[in-house]
Amino acid sequence: MTETQDRTVRLGIIGLGAQGGMYAGLLQEGKVAGMSLGAITDTDPAKRELAAEKHPGVPVYEDYQAMLDSGDVDAIVTTVPHFLHAEITIAAIGKGIHALTEKPAGVYTKQVEEMNAFAAAHPETTFAIMFNQRTNPVYTDLKKLIDSGELGKLRHTSWIITTWWRPQAYYDQSAWRATWGGEGGGVLVNQAPHQLDLWQWLAGTPKKVFAKLAFGFQRDIATEDEVNAVVDFGDGATGHFMTSTNDIIGTDRLEMLFDAGKIVVEGSKKVTITRLTKDERSLSDGMSAEDVGRLFRGMIDTSELFTTEEKDYESQWGHQHVAVLENFAAHVLDGTPLIADGAEGINGVRLASGMQLSAWTGREIDLVDYPAEEYLAELNARIEAEGQFPTRS
């Protein structure tokens, strides 16, 4: 390698679909500092032909193992169906090639645990996950505020995220979409993993979940297209998560209630932060019956109780993926801390599959002592019933 190449991470893109194509374009246009386009792999001959046409001079492979053995890449990104993320990541890390896996980390926890354990045994190789929403200033600012302890302990949080409307034609594009064997689920594994990650990143990892899911509710699909879930964070804190792909109008509203304040995020752009002058229990205990009467009659200035701050953020669309790619390259080159360590991907997989298992069995699911084998057996039963994909082990 030349000195310049030494300071550039050559990324291999495995899967030239919409996401992989976007990354290839960003790299070819020089928009990712510290990273270049090393090679492209796709099993589809038409995609390989397209790669050769759009990216002349870039090696193109049919088999990702051949790419890993080629010496053309220092790192890879897994823009492939979800079931393949763990397999490809393990193969890359085993050959000393850094891995950036797409979300979700996998479909079931057993495969993600195996991937995480293998990566942990090879700490010299970078393992990251594409949680690009963690670069959104809306959520990075909130993360700092929550971690500061200024608002106190979490009491409740609710996220309604139904801006994932998908018409039937979306699902009809490919036979694998919204199938148990091809995708491993519906909205929980395709559209909502970013919110599931952000929710746990901000609020903490839930300990239990009870969920009602609708399967093929408003779309001709096998998997879930509507989700209502209640989670238990422990110590009395609870949460509610609702998502669907059949709301053409859509809502994106996150609420987080704390002992000493409240956060409301609308559209992932407008943030309202309410700070209590004292924690809520102290305000309650210090209020007399007369004070209550005056409050209800509007005779108490609410500034004595709380202050409100509103912030409006500009859309970060188009910048977030670049930020994660640059961070990944910087970690490989200089040890810069990762935005999201790959091992953290299991939290979202466990929560999503826990919601599915709760809906299938009708019971609350323990996410700490998670019944991984039971989930895999239930998933395989549905894959077998479809009859078009192999079961998983």
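**Entry 1: the largest cavity**

I looked up which element gives the largest share of the lining of the largest cavity, and found helix 14, with 4 residues. This is a predicted model, where local features need pLDDT of at least 70, side-chain atom pairs count only at pLDDT 80 or more, and totals for chains, interfaces and linings use all residues. I also noted that residues are numbered from 1 along each chain as its sequence is written, and that side-chain values use heavy atoms, with hydrogens and water left out.

Grid points are joined across faces, edges and corners, and the volume is the space filled by probe spheres set on the points. Helices (H or I, at least four residues) and strands (E, at least two) are DSSP runs, numbered from the N terminus.

I found 2 cavities of 30 Å³ or more. The largest has a volume of about 80 Å³. Of its 14 lining residues, Pro104, Leu188, Pro193, Gly348 and Val349 are the closest to its centre. Helix 9 (187–190), helix 10 and helix 14 (345–361) are the elements that give two or more residues to this lining. I sorted the lining by class and got 10 nonpolar, 3 polar and 1 charged residues. Here Ala, Val, Leu, Ile, Met, Phe, Trp, Tyr, Cys and Pro count as nonpolar, Asp, Glu, Lys and Arg as charged, and the others, Gly among them, as polar.

**Entry 2: the second largest cavity**

This one has a volume of about 40 Å³. I found Leu100, Ala128, Ile129, Val324, Asn327, Phe328, Leu338, Ile339 and Ala340 lining it. Helix 13 gives the most, with 3 residues. Strand 6 (127–129) and helix 13 (320–334) each supply at least two. By class, I noted 8 nonpolar, 1 polar and no charged residues.

**Entry 3: helix 10**

I went back to helix 10 and checked its cover: 11 of its 11 residues are buried (under 20% relative accessible area, with a 1.4 Å probe and protein chains only; exposed is over 50%, partly exposed in between). Trp199 and Trp201 are among them. Helix 10 (residues 193–203) lies across strand 7, strand 9 (224–234), strand 10 (237–244) and strand 11, at about 165 degrees to strand 7. Such angles run from 0 to 180 degrees between N-to-C directions, with axes fitted to C-alpha atoms, for helices over the stretch in contact (heavy atoms within 4.5 Å). Gly204 follows helix 10, with a positive phi near 105 degrees.

I traced an open sheet of 9 strands in the order 14-13-12-11-7-10-9-8-15, with mixed pairing (two strands pair if DSSP finds at least two bridges between them). Strand 14 (306–312) and strand 15 (365–366) stand at the edges with a single partner strand each, so one side of each has no neighbour in the sheet. Strand 8 (residues 208–215) pairs with strand 15 in the antiparallel sense over 2 bridges, and Lys208 stands opposite Asp366 there.

**Entry 4: Lys311**

I found Lys311 in strand 14. Lys311 is partly exposed, at 28% relative accessible area. Leaving aside residues up to four places away in sequence, Lys311 touches Lys269, Lys270 and Val271. I also looked up Arg48, 263 residues apart from Lys311 along the chain: their C-alpha atoms are separated by 46 Å.

Note on methods
1 Å grid on protein atoms, 1.4 Å probe; cavity = no way out; pocket = protein on both sides within 12 Å on 5 of 7 lines; lining within 4 Å.
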